[in-house]
Amino acid sequence: EYILPCSRSDPELNNCIKRSFNHLRSYVVNGLKDLDVPPLDPLHIKEMAMDNNAGAVQVKALFTDILVKGGSNYTIKDVRADINKYRIDVSVMLPRVEIRGKYEIVGRVLLLPVQSNGDFWTEFLNISAIGKLYGREVERDGEKYMNIDKIFLDFNMKNARFKVKDKVNSGNVLGEAINQFLNTNALELVQEMRPAAAQSISKLAKQLINSAFNRIPLRVWLLD
């Protein structure tokens, strides 16, 4: 019921794949247990590491106990597929994503040393993203499947807000200064951290997508 199959020979294959991905929205909210896909809204992430060593923001960050809300409100705007090469490019829009969790960060921001840990909350609005999926056909027990080898991701957003509760500096002038700096420079910080963030998100997306693809034979969703 959650799979809308497409045909390799369909001249409107791109639109068919787009419809299939958008059709999944209402199902992935609560997860797909038989495909080992966790609930997407909210999505619980145990940890995510980020390492940005270029530009004005050079930090190593570890985020844990992450809760992401709004991920299921995606809309696939465009798909371009070369299905014989198992290559799919996807354009996605998200109106709002809210993320909260715990963080540890060390590094330099604008040449100033930064070392902090505590709780964080962030909101991203009007996100547009492009994902490039590179896959291949694999065979197991006489069945053929698609496996994603790598994903390249890039994204932009119209607005961002941050709030951190630094366990070291909370409640004092420095703690307030950190929050003011984050929000005054929110989009600039996102831009600086975008390559590192995209790499971390791509890694997570690859795990989630392969979890499904490795359980659905090609013959079920891609007809000859």
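Tutor: Helices (H or I, at least four residues) and strands (E, at least two) are DSSP runs, numbered from the N terminus. This is a predicted model: local features need pLDDT of at least 70, side-chain atom pairs count only at pLDDT 80 or more, and totals for chains, interfaces and linings use all residues. Residues are numbered from 1 along each chain as its sequence is written, and side-chain values use heavy atoms, with hydrogens and water left out.

Student: Which elements each supply at least two residues of the lining of the second largest pocket?

Tutor: Strand S2 (43-52) and helix H4 (186-213) do. H4 gives the largest share, five residues. A pocket is an open set of points on a 1 Å grid over the protein atoms alone, where a 1.4 Å probe fits, with protein on both sides within 12 Å along at least five of seven lines; lining residues have an atom within 4 Å of a point.

Student: Which residues line the second largest pocket?

Tutor: Glu47, Met48, Ala49, Gln199, Ser200, Lys203, Leu204 and Gln207.

Student: New topic. How many salt bridges are there in the whole structure?

Tutor: The search finds 14. Each is a side-chain nitrogen of Lys or Arg within 4 Å of a carboxyl oxygen of Asp or Glu. Arg215 pairs with Asp36, closest N and O atoms 3.6 Å apart. That pair links distant parts of the chain, 179 residues apart.

Student: And what does Arg96 form a salt bridge with?

Tutor: Glu98, at 3.0 Å between the closest N and O atoms. Both belong to a salt-bridge network that also links Arg100, Glu123 and Arg161.
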